[in-house]
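Grab a pencil and have a look at the model below. Then try the exercises and check your steps against the worked solutions.

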Amino acid sequence: QVQLVESGGGSVQAGGSLRLSCAASGYTISMICMGWFRQAPGKEREGVAAINREGVIYYSDSVKDRFTISQDTAKNTMYLQMNTLKPEDTAMYYCAAYVCLYGSKWDRLGLNRNYNYWGQGTQVSVSS
């Protein structure tokens, strides 16, 4: 079992920055795949960024060059640094994890149905 707890959401103006944290317990994060997802009202949950067991990182096109995913294995924590935020980034953000195979790529990491451990979510609101 993996327990995930997010923190760091909030409200910012467009162009601002936020950093989300996802503290994991029950499993060493270097042994699992982890990702960030978001869901805006009335929209499907979408993959934002993910990192596989080898530390290879993937981003959705909508956040590439603005968001940075990282991990601190000593703290067993994953982060999402979000810069140059836009109103369309407004959503509930979730961290997620699953026990994955080596070499997992975005075609699997970006799909929420592959993840079986989820955090409670943290709200990000960006005003124009």
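**Exercise 1.** Find the partner of aspartate 61 in a salt bridge, then sort both residues by how exposed they are.

*Solution.* Keep in mind that you're working with a predicted model.
- Step 1: aspartate 61 forms a salt bridge with lysine 64, and the closest N and O atoms are 3.2 Å apart.
- Step 2: exposed means over 50% relative accessible area. Aspartate 61 has 66%, so this residue counts as exposed.
- Step 3: lysine 64 has 41%, so this one is partly exposed.

**Exercise 2.** Work out where the salt-bridge partners aspartate 89 and arginine 66 sit, and whether each is buried or exposed.

*Solution.* 
- Step 1: the two side chains meet at 2.7 Å, N to O. This pair links distant parts of the chain, 23 residues apart.
- Step 2: aspartate 89 lies in the loop between strand S8 (77–82) and S9, while arginine 66 lies in the loop between strand S6 (57–59) and S7.
- Step 3: buried means under 20%. Aspartate 89, at 0%, is therefore buried, and arginine 66, at 9%, is buried too.

Methods. Residues numbered from 1 in each chain as written. Predicted model: local features only at pLDDT ≥ 70, side-chain atom pairs only at ≥ 80, totals over all residues. Heavy atoms only, no water. Salt bridge = Lys/Arg side-chain N within 4 Å of Asp/Glu carboxyl O. Buried < 20%, exposed > 50% of the residue type's maximum accessible area, 1.4 Å probe, protein only. Helix = DSSP H or I, 4+ residues; strand = E, 2+ residues; numbered from the N terminus.
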